[in-house]
Amino acid sequence: MKKPTISVIGLGYVGLPVSIAFDEAGYNVIGFDLNKERIDQLVNNIDKTNEINEKRLLKSKIKFTVDENELGNATFHIVTVPTPIDEYNKPDFKYIIIASELMGKIIKKDHIVVYESTVYPGATEEIAIPILESISGMKINKDFSVGYSPERINPADPKHTFENIKKIVSASNSIALEKIEKVYADVVKAGIFSTSTIKVAEAAKVIENTQRDLNIAFMNELVKIFNAMELNTYEVLEAASTKWNFLNFRPGLVGGHCIGVDPYYLIHKSQQVGIIPDLLLSSRKINDSMSDYFANNILNILNDNKIDIVSAKILILGITFKEDCPDTRNSKVVDLINEIKSFRSKVDVYDPIANKNEIRKEFDIDLIDKPKVNTYELVVIAVGHQLFKNLGGKKIRTFCKKNGIIFDLKNTIPKNETDYSL
């Protein structure tokens, strides 16, 4: 099969690695994003997500553009836009709608549009396809085809890359499915798994992150239980994990654009079909409550050590939603910081991985350039960045005043180097 020209719509943590992978496999690739600043950075071989290094960008032949007219030169389109939730935890399809309207303007006879964004089962057929048909004036499966192939990229994970994760594919008809299989198989060396319908593929994706949410919620509930019993949760988990079939999940703040969001898509659809997903709702409630829980832990630590809350200086290490990744979308560390500030304590936040300007603009938080020595009554390790592990407890201790305290939320440094951990 002749290699089609591919367009990728949305060049974030998923879209850029997808674009690079196809480019390196010999495809002509058009990388499109509405954010001109993002395009300008990529043209200058800069990836602020740190997913693709400068060397690979320099070697790529991708046509990075904000000009939607360029997309008409492709016949195979991949949509990799975010699917967030709104203030009521309901699915927000604004980016899918914008991308579909864009596709409707440019697709032609026999084009294929593949969506990779996480949605609930049925969303592609209910939301995206009607927009494509309405704007293009063409009919699905007669004039053009649609596929769904959920993204599985794990940001800041050099092992589980686009090429190395088995790819689920589906399509609106069998001919399109065969074409989609061949295109992705040319790049994804881990293999292809085809589903019978688009809905099955959508469901498979949304339960992947929902399953992780459930398991982490169990760990977080254990933290509350064992803390009340004055047991260290990580010690308990270390002992339990010696059994071959124990699932080795860890407690903590659950944010980001996947685990903290995707379950709400399944919850929404469940309620639409008359099912109240009690377990999913409970897990979300537990995980969303952990910022408040840890803030109360901090309050108790200060009280137990007779540290005046209002005059206390507290250092938070890390603000991103996960370790070694600059992404701060839906970071629950931000909620923790705001809760601590409500105590009227003085809070400094240090995270050299995060983008200072974006943090200031998005959260009105000014990151410090460097922690001051002998300054803080309490240091909270909120994100387990490798650089914090490299600092170690001895160096982190230098940030504390005499008799200062280290509280490690992420088991980042050895327990004997902290004063409090989970």
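Tutor: With 5 residues, α7 gives the most to the lining of the second largest pocket. The model is predicted, so to speak of local features requires pLDDT of at least 70 and side-chain atom pairs count only at pLDDT 80 or more, while totals for chains, interfaces and linings use all residues. Residues are numbered from 1 along each chain as its sequence is written, and side-chain values use heavy atoms, without hydrogens and water. Helices here are DSSP runs (H or I, at least four residues), numbered from the N terminus.

The pocket is an open set of points on a 1 Å grid over the protein atoms alone, where a 1.4 Å probe fits and protein lies on both sides within 12 Å along at least five of seven lines. Its space, about 1,100 Å³, is that filled by probe spheres set on points joined across faces, edges and corners. The lining of the second largest pocket comprises 39 residues, with N154, R212, I259, K322 and E323 nearest its centre; lining residues have an atom within 4 Å of a point. By class, 15 are nonpolar, 12 polar and 12 charged, where Ala, Val, Leu, Ile, Met, Phe, Trp, Tyr, Cys and Pro count as nonpolar, Asp, Glu, Lys and Arg as charged, and the others, Gly among them, as polar.

α7 also packs against α9 (residues 262-272), at about 115 degrees and with axes 8 Å apart; axes are lines fitted to C-alpha atoms over the stretch in contact, and angles run from 0 to 180 degrees between N-to-C directions. α7 is therefore roughly perpendicular to α9, a term covering 65 to 115 degrees. The contact (heavy atoms within 4.5 Å) joins K205, V206, I207, N209, T210 and D213 of α7 to D262, P263, Y265 and L266 of α9. These residues divide into 5 nonpolar, 2 polar and 3 charged.

How values were computed. Helix = DSSP H or I, 4+ residues; strand = E, 2+ residues; numbered from the N terminus. Parallel < 35°, antiparallel > 145°, perpendicular 65-115°, else oblique.
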